[in-house]
Amino acid sequence: MVKRIILGIIIFTVLFSLSVQRQAFLSFDDNIELVKMTFLNTGAKYEYANINAWTKINNDFTPFYKINEYIEIAIKNMNINRQKTKISRLEENNFRQVEVEYTENTRHINIAVQSLKNGSKSETYMLIDEYLINGYDNALKEKALINNTFKIFKLKPKVTVCFVGTFKGKLNKEKNSSIVKLVLDKLHAQKVEGMEDENIISVSAYSSKLKEYIKLGSEKINLNVAIRYSSFDDKTYLWVATPIIAIEY
């Protein structure tokens, strides 16, 4: 879990430090609704949604008592039952972390505050990673809870939202391609980059219908679509996210 969270922070630091731009005509909530409706139009069976939000808190090697303060405030404002949480603490050389795991019927939430020191450079981050297991309709409500939690600390997080669904069995390559094309066409998106082989299709694209985008060099990206077969449960998985997929696929 620690490695996963650290890796996530590294990935997002690279991506979002390059540039996050905003269009003038839609809110990010509108983006989520558009992406959700497009996902539902594919006919995939809803499995879960993921909301991932993180930001840097400060440039200090933060002591544990202060990290704990951040954690306790986040627990309260995410409407989490404190008695049902699992809280772990880790300290290794120049690394400190407090992590919260919480699971109820419809939500699985991880909250982590990490502080790292590398020579004269120090940084502290907060990450909230939430899975909505039963029902996509709460995506906007949960995102609002997450944003308000960061707002208490006067922080603005980088947020990604991903909808995940499945189709029974293994679809052929043509069918996989047609599902990805449907998503791109519905959102009037143009492919920027991608990969494709016998097992997976993954496409990063830009849609003028979506508000926020990441700028990588001269290219804009605000839509990420992937489809892959899993022999473990004999299902074909579909991921549709804005602006990128922040979970393993």
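Predicted model: local features only at pLDDT ≥ 70, side-chain atom pairs only at ≥ 80, totals over all residues.
Q: Is Glu 104 buried, partly exposed or exposed?
A: Buried means under 20% relative accessible area, and exposed means over 50%. Glu 104 has a relative accessibility of 32%, so it counts as partly exposed.

Q: Which side chains make a polar contact with the side chain of Glu 104?
A: A polar contact needs an N or O pair within 3.5 Å. Another, at 2.9 Å, joins the side chain of Glu 104 to that of Tyr 102.

Q: How far apart in space are Glu 104 and Lys 84, C-alpha to C-alpha?
A: In sequence, 20 residues separate Glu 104 and Lys 84. In space, their C-alpha atoms are apart by 8.6 Å.

Q: Which strands pair with strand 6 in the antiparallel sense?
A: Strand 5 (residues 107-118) is joined to strand 6 by 12 bridges and runs antiparallel to it. Nine bridges link strand 6 with strand 2 (residues 45-58), also in the antiparallel sense. The partners are strand 5 and strand 2.

Q: Which residues stand opposite Lys 121 and Ile 128 of strand 6?
A: For Lys 121, the residue opposite is Asn 118. For Ile 128, it is Ala 53.

Q: Which residue takes a positive phi in the hairpin of strand 5 and strand 6?
A: Two residues lie between these strands. The one with a positive phi, near 65°, is Gly 119.

Q: Why is strand 6 largely enclosed by the rest of the structure?
A: Strand 6 spans residues 121-132. It is largely enclosed because, of its 12 residues, the number buried is 11.

Q: What span should helix 4 have at 1.5 Å a residue?
A: Helix 4 has 14 residues, 139-152. The expected span takes one less than the number of residues, times 1.5 Å.

Q: Within what arc do the buried residues of helix 4 fall?
A: The buried residues of helix 4 include Ala 139, Glu 142, Leu 145, Ile 146 and Phe 150. Seen down the axis, they line one face of the helix, because the buried residues fall within an arc of 155°.

Q: Which exposed residues does the face of helix 4 turned away from its buried side carry?
A: Exposed means over 50% relative accessible area. The residues on that face are Lys 141 and Lys 151.

Conventions. Residues numbered from 1 in each chain as written. Heavy atoms only, no water. Helix = DSSP H or I, 4+ residues; strand = E, 2+ residues; numbered from the N terminus. Buried < 20%, exposed > 50% of the residue type's maximum accessible area, 1.4 Å probe, protein only. Arc of directions from axis to C-beta. Pairing = 2+ DSSP bridges. Polar contact = N/O pair within 3.5 Å; in protein donor to acceptor, adjacent residues only side chain to side chain.
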